[in-house]
Amino acid sequence: VQLQASGGGLVQAGASLRLSCVASGRTFSRYNMGWFRQAPGKEREFLATITWSGSSTYYADSLQDRFTISRDNAKNTVYLQMANLKPEDTAVYYCAAYEATNDVKVMSRVPLFTLDWGQGTQVTVSS
């Protein structure tokens with residue numbers, strides 16, 4: 001599956017931003033979807049995941065309920081709504097796909113090379 005992320009940009013601390021990721025090439029509902037990010041000099045970090053049906057979501061504890069993942073299977077799109085952004089949220093944000101499963105946490109623990117990746121979108125939060 002091919003993934004195209006968009007919606008990043010430069011915002012001030014406290015702002016909100018919504019990222020989108022459009023999938024193509026394969027049936028979107030055959031995949032669990034997730035969002036990750038990578039800051040300069042740091043490892044890629046898991047943020048959130050949603051099952052193929054959209055019925056279950058799972059988040060990294062560090063997000064403090066500021067981020068919300070959702071999907072629209074009719075539009076082949078997964079979203080990441082981000083609120084109250086902080087300078088430490090500055091990173092390249094990536095969407096990823098994994099074969100459909102009802103295990104909502106799977107994308108948080110499998111090796112990163114097992115996921116299909118999009119190209120990333122830069123989010124910069126100024127203080």
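1. By class, eight charged, three polar and one nonpolar residue make up the lining of the largest pocket. In this count Ala, Val, Leu, Ile, Met, Phe, Trp, Tyr, Cys and Pro are nonpolar, Asp, Glu, Lys and Arg are charged, and the others, Gly among them, are polar. The lining consists of R37, Q38, A39, K42, E43, E45, S62, Q64, R66, K86, E88 and D89. The volume of this pocket is about 190 Å³. A pocket is an open set of points, on a 1 Å grid over the protein atoms alone, where a 1.4 Å probe fits, with protein on both sides within 12 Å along at least five of seven lines; lining residues have an atom within 4 Å of a point. The volume is the space filled by probe spheres set on the points, which are joined across faces, edges and corners.

2. The model is predicted: local features need pLDDT of at least 70 and side-chain atom pairs count only at pLDDT 80 or more, while totals for chains, interfaces and linings use all residues. Residues are numbered from 1 along each chain as its sequence is written, and side-chain values use heavy atoms, with hydrogens and water left out.

3. The largest nonpolar core has 38 residues, of which M33, W35, L80, M82 and Y93 touch the most other members. Such a core is a set of buried Ala, Val, Leu, Ile, Met, Phe, Trp, Tyr and Cys residues joined through side-chain atoms within 4.5 Å. Elements giving two or more residues to this core include strand 1 (2-6), strand 3 (17-24), strand 4 (31-38) and strand 11 (121-126). Strand 9 gives the most, with six residues. Strands here are DSSP runs (E, at least two residues), numbered from the N terminus.

4. There are four aromatic pairs in the structure. Rings of Phe, Tyr and Trp (its six-membered ring) pair if their centres lie within 6.5 Å; planes under 30 degrees apart count as stacked, over 60 as edge-to-face and the rest as tilted. F46 and Y58 are stacked, because their ring centres are 5.8 Å apart and their planes are at 25°. As F46 lies in strand 5 (residues 45-50) and Y58 in strand 6 (residues 57-59), the pair ties together parts that are twelve residues apart in sequence. F46 is buried at 13% relative accessibility, whereas Y58 is partly exposed at 25%. Buried means under 20% relative accessible area, exposed over 50%, and partly exposed in between (1.4 Å probe, protein chains only).

5. Y94 and W117 form an edge-to-face pair, with ring centres 6.2 Å apart and planes at 85°. This pair ties together parts 23 residues apart in sequence, since Y94 lies in strand 9 (residues 91-99) and W117 in strand 10 (residues 116-117). Y94 is buried, with a relative accessible area of 14%, and W117 is partly exposed at 25%. Ring pairs link F36, F46, Y58, Y94 and W117 into a cluster.

6. Two arginines lie over ring faces: R44 over W117, at 4.6 Å from the ring centre, and R71 over F28, at 4.2 Å. The criterion is NZ of Lys or CZ of Arg within 6 Å of the ring centre and within 35 degrees of the ring normal.

7. Most residues other than glycine have a negative phi. N76, in the loop between strand 7 and strand 8, has a positive phi near 55°. N84, in the loop between strand 8 and strand 9, has a positive phi of about 50°.

Definitions and conventions:
Helix = DSSP H or I, 4+ residues; strand = E, 2+ residues; numbered from the N terminus.
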